[in-house]
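The sequence and structure are shown first.

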Amino acid sequence: MDWHLLGISFITVFLAEIGDKSQFAAIALSGSSKSPRAVFFGTATALLLASLLGVLAGEGVSVLFPARMLKAIAAIGFALIAMRLLWSDANSSEESEERL
């Protein structure tokens, strides 16, 4: 087993999930239920299944495209998301200034 890859995967997913909407849903469910253990096992199973689907999809896509192309597509995708976030933020700032 590649322990370095295991550690990087764990740290990446752990940090990405802290404060995620799924964590807030788990907090709300466990606070309003009488069985927090069931909420834990349900949310843990859901995260495992979602991760499994992501890994299987990534493995399938990696067979179709070379790694360099996948990295380029991911970089372009993240850049487009960042530009859209910045663009929508700039537009909302301009709209709020126009209202004043």
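Buried residues (under 20% relative accessible area with a 1.4 Å probe, protein chains only; exposed is over 50%, partly exposed in between) make up 2% of the 100 residues in the protein chain. The chain exposes about 8,900 Å², of which carbon and sulfur atoms supply 72%; accessible areas come from the Shrake-Rupley method with a 1.4 Å probe.

The model is predicted: local features need pLDDT of at least 70 and side-chain atom pairs pLDDT 80 or more, whereas totals for chains, interfaces and linings use all residues. Residues are numbered from 1 along each chain as its sequence is written, and side-chain values use heavy atoms, without hydrogens and water.

The pLDDT (the predictor's confidence in each residue, from 0 to 100) averages 87 over the protein chain, and 88% of the residues score at least 70. The chain contains four helices and zero strands; these are DSSP runs, with helices being H or I of at least four residues and strands E of at least two, numbered from the N terminus.

Helix α1 covers residues 3-17 and includes Phe10. Its 15 residues should span 21 Å at 1.5 Å a residue, and its end C-alpha atoms are 21 Å apart, which agrees; the expected span is 1.5 Å times one less than the number of residues. Just after α1, Gly19 takes a positive phi of about 80 degrees. Phe10 is exposed, with a relative accessible area of 56%.
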